[in-house]
Amino acid sequence: MAMNVWVPKQYGAWAMLLAPVLAGSILGGFGWHEILIVASWVTAYLSYMAIRGFSGRDRRAHIPPAAVFGVAAAAGAVTLLVWHMALMWWAGPLVVLFGTSLILIVTGRERSAANDAAQIGASCMMTAAAATAHLMGAGFGWSVFAAGVAWPKAWLAAAVFAGYFWGTIPYVKTMIRERGKPGWYIASVAYHAVMIGLGFLVNPWVGAFAILATARAALVPKLWPRAKPKRIGIGEMAGTVILIVIVVTTL
């Protein structure tokens, strides 16, 4: 239990957390700035997860990780802002998305699709944040920020990750909480089928990956309906590694 307070055992969540920011960092050159962005993002997420635990029975156990990870994330963020003040503009959308998530958690909708979508949206936004950080000019103004983030490849990469990870919401629900419910299964397969067409608009490699993701959404709930969450998460991690390679080498 103590270890889970510090490092959540959510294999699929780790894939969603790391893949977008890692891919964005690679696109951005993966210098020390990008490495610091990754470290700040991971510690901020771990602090956020610990804060979520305040609503449970063992709230006191979550205070140390929330404080330690929170201080580490803040230190990384301050260093990045000293480097480029315009990065502060990312705080707005991230606060909105994580604020929405916290509201849903407090109101008892932690397992809702809306909460998952908000967290995934924040994570995928980090693709563009990491990829364009080195393009920021001096100053704090909106024009400096807007000029820095105006790199189509960064946003295309963010969209690819968002398209995939939002699709994991109905897919995972068909495997766990909504297992055996036709509505969720149909929605999952239909969503992935639409992603095939959109994927081929990006390039053939993304389209081919979308075909594999659709096959997974259609077949796995039927062939292995009782798969354990750990195996589902490991499968997500494997697929995510493939998607990272595709994004950083073909976009």
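# Reading helix packing in a predicted model

Guide: The buried residues of α5 are covered by elements that include α3 and α6.

Visitor: Which residues of α5 are buried?

Guide: Buried here means under 20% relative accessible area. In α5 that picks out Leu94, Phe98, Ser101, Leu104 and Ile105. Look down the axis of α5: these residues fall within an arc of 115°, so they line one face of the helix. On the other side, Val95, Val96, Ile103 and Val106 are exposed.

Visitor: What span should α5 have at 1.5 Å a residue?

Guide: The 16 residues of α5 should span 22 Å. The end C-alpha atoms are 22 Å apart, which agrees. After α5 comes Gly108, with a positive phi near 80°.

Visitor: Now the packing. How are two packed helices described?

Guide: Two values are used: the angle between the axes and the distance between the axes. Take helix α5 (residues 91-106) and α6. Their axes come within 9 Å and cross at roughly 155°. That makes α5 roughly antiparallel to α6. The contact uses Pro93, Leu94, Leu97, Phe98, Ser101, Leu104 and Ile105 of α5. On α6 it uses Ala114, Asn115, Ala118, Gln119, Gly121, Ala122, Met125 and Met126.

Visitor: In which hand does α5 pass α6?

Guide: The crossing is left-handed.

Visitor: At what angle do α6 and α8 cross?

Guide: Helix α6 (residues 113-132) and helix α8 (residues 152-175) cross at roughly 160°, and their axes come within 9 Å. An angle over 145 degrees counts as roughly antiparallel, and α6 and α8 are therefore roughly antiparallel to each other. Here the crossing is right-handed.

Visitor: Which residues meet between α6 and α8?

Guide: From α6 they include Ala113, Ala117, Ile120, Gly121, Cys124 and Ala128. From α8 they include Ala154, Trp155, Ala158, Phe161, Phe165 and Ile169.

Visitor: How far apart are the axes of α8 and α9?

Guide: The axes of α8 and helix α9 (residues 182-202) are 8 Å apart, and the packing angle is about 165°. α8 and α9 are therefore roughly antiparallel to each other. Their crossing is left-handed. Among the α8 residues in the contact are Leu156, Val160, Gly163, Trp166, Pro170 and Tyr171. On α9, the contact includes Trp184, Tyr185, Ser188, Tyr191, His192 and Met195.

Visitor: Which residues of α4 are buried?

Guide: Pro65, Ala66, Phe69, Ala73, Gly76, Leu80 and Leu81 are the buried residues of α4. They cover an arc of only 135° around the axis, which puts them on the same side of α4. The face turned away from that buried side carries exposed Val71, Val78 and Val82.

Visitor: What is Ser40 in contact with?

Guide: Set aside neighbours within four places in sequence. Ser40 is then in contact with Ala73, Gly76, Ala77 and Leu80. Of these, Ala73, Gly76 and Leu80 are among the buried residues of α4. Ser40 itself lies in helix α3 (residues 32-52).

Visitor: Is Ser40 buried or exposed?

Guide: At 10% relative accessibility, Ser40 counts as buried.

Visitor: Where is Leu243 found?

Guide: Leu243 is in helix α11 (residues 229-250). At 1% relative accessibility, Leu243 counts as buried. Not counting residues up to four places away in sequence, Leu243 touches Val160, Phe161, Tyr164 and Phe209.

Visitor: How many residues apart along the chain are Leu243 and Pro20?

Guide: They are 223 residues apart along the chain, and their C-alpha atoms are separated by 9.8 Å.

Visitor: Which residues does Thr240 touch?

Guide: Beyond residues up to four places away in sequence, Thr240 touches Ala15, Ala19, Tyr164 and Phe165. With a relative accessible area of 4%, Thr240 is buried. Tyr164 is also among the residues that Leu243 touches.

Methods: Residues are numbered from 1 along each chain as its sequence is written. This is a predicted model: local features need pLDDT of at least 70, side-chain atom pairs count only at pLDDT 80 or more; totals for chains, interfaces and linings use all residues. Side-chain values use heavy atoms; hydrogens and water are left out. Buried means under 20% relative accessible area, exposed over 50%, partly exposed in between (1.4 Å probe, protein chains only). Helices (H or I, at least four residues) and strands (E, at least two) are DSSP runs, numbered from the N terminus. The arc is that of the directions from the helix axis to the C-beta atoms. Axes are lines fitted to C-alpha atoms, for helices over the stretch in contact, and angles run from 0 to 180 degrees between N-to-C directions. Angles under 35 degrees count as roughly parallel, over 145 as roughly antiparallel, 65 to 115 as roughly perpendicular and the rest as oblique. A crossing is left-handed if the near helix is turned anticlockwise from the far one by less than a right angle, and right-handed if clockwise. Contact means heavy atoms within 4.5 Å. The expected span of a helix is 1.5 Å times one less than its number of residues.
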